[in-house]
Amino acid sequence: MKGLYTALMCSFDEKGKINEKGLREIVRHNIQESQIDGLYVNGSTGENFLISTEDKKRIFEIVKDEVGDQVKLIAQVGSLNIDEAVELAQFTTDLGYDAISAVTPFYYKFNFEEVKDYYNTILESVDNDLIIYSIPALTGVNMNLEQFGELFENEKIIGVKFTAPDFFLLERIRHAFPDKLIYSGFDEMLLSASVLNIDGAIGSTFNVNGKRARQIMELSAEGKMEEARKVQKETNDLIAAVLDNGLYQTIKEMLKFKGIDAGHCRKPMRELKEEEVGRARQIAEKYM
Ligand code: SI3
């Protein structure tokens with residue numbers, strides 16, 4: 001399960017319905033062009049928190065059907081509705097997903113015992129491995145080393161998608177749990193995480209920048225730090241421009257520039273203005 005995973009985008013039409021043809025094209029682009037090791041399906045980048053259970057299931061089905069066994073698949077099933085999380089965990093395990101992942105429960109101020117119970121409840125219902133999705137800036141859930149350790153006591157919890165700029169905690173987790181998988185979640189910090197010996201990364205920008213992400217990981221592993229820094233700098237020029245223009249909308253527009261039917265984002269995400277579409281195309285022309 002090590003390696004680079006694209007946090008997969010989904011293509012939606014103007015009305016917010018799944019555009020199956022576009023979704024399949026995005027999947028193929030990631031495998032053939034970005035050359036990733038796997039896909040992280042229905043995460044933040046997949047606009048998971050904006051869609052119905054039925055749509056989540058359909059996306060899981062289409063992606064598995066398009067991928068077969070070509071690359072690894074991780075299903076993000078986390079939900080504030082624990083029944084939905086369990087249902088999706090069972091559904092994707094039956095479909096043959098290699099692992100499931102679940103965002104920490106958010107919005108309400110759950111205490112750690114509640115967070116732990118959430119993960120154990122999901123896992124009691126399936127015969128699959130789970131990767132914790134930790135993204136404190138969006139969930140407000142900050143776990144410390146001891147708490148990660150308590151979650152890791154469940155052997156079916158095999159790792160964490162660590163989307164935080166806390167390299168002190170990242171190093172402590174790496175050191176304390178050498179057998180657990182750590183995936184870096186912030187693409188702009190990939191090199192900094194790589195030097196701490198992570199097992200892989202999961203990122204939205206790999207939809208359009210997968211090859212550079214791989215170079216960063218490989219150059220870092222080979223100790224070629226000057227070259228690695230150069231590629232991270234280029235990557236960060238791209239990411240800064242994308243963030244400035246509208247993250248997911250701009251990545252979709254960049255994919256469209258490459259002939260992929262990446263469609264629209266779902267409301268309440270906005271449409272790009274004409275000049276922003278122009279900027280997205282310029283970013284694609286420069287970096288893809
Ligand atoms: O679940 C997911 O879609 C992700 O893996 C998200 C990933 O961590 C991205 N985070 C968010 C909130 O989109 C990053 O790849 C992020 O977009 C990128 O580093 C730019 O900041």
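K161 sits in strand 6 (residues 157-162), strands being DSSP E runs of at least two residues and helices H or I runs of at least four, numbered from the N terminus. The model is a predicted one, where local features need pLDDT of at least 70 and side-chain atom pairs count only at pLDDT 80 or more, while totals for chains, interfaces and linings use all residues. Residues are numbered from 1 along each chain as its sequence is written, and side-chain values use heavy atoms, with hydrogens and water left out.

K161 comes out as buried, at 5% relative accessibility (buried is under 20% relative accessible area, exposed over 50%, partly exposed in between, with a 1.4 Å probe and protein chains only). Setting aside neighbours within four places in sequence, K161 has contacts (heavy atoms within 4.5 Å) that include Y40, Y133, Y183 and I202.

Y133 belongs to strand 5 (residues 130-134) and is buried too, with a relative accessible area of 3%. Beyond four places in sequence, Y133 touches K161, Y40, S44 and Y119, among others.

An unreviewed UniProt entry puts the feature "active site" at Y133 and K161; such annotations may be inferred rather than shown by experiment.

Elsewhere, helix 3 (residues 82-95) packs against helix 4 (residues 112-124) at about 35°, axes 9 Å apart; axes are lines fitted to C-alpha atoms over the stretch in contact, and angles run from 0 to 180 degrees between N-to-C directions. Helix 3 brings I82, A85, V86 and A89 to this contact, and helix 4 brings Y118, T121 and I122.
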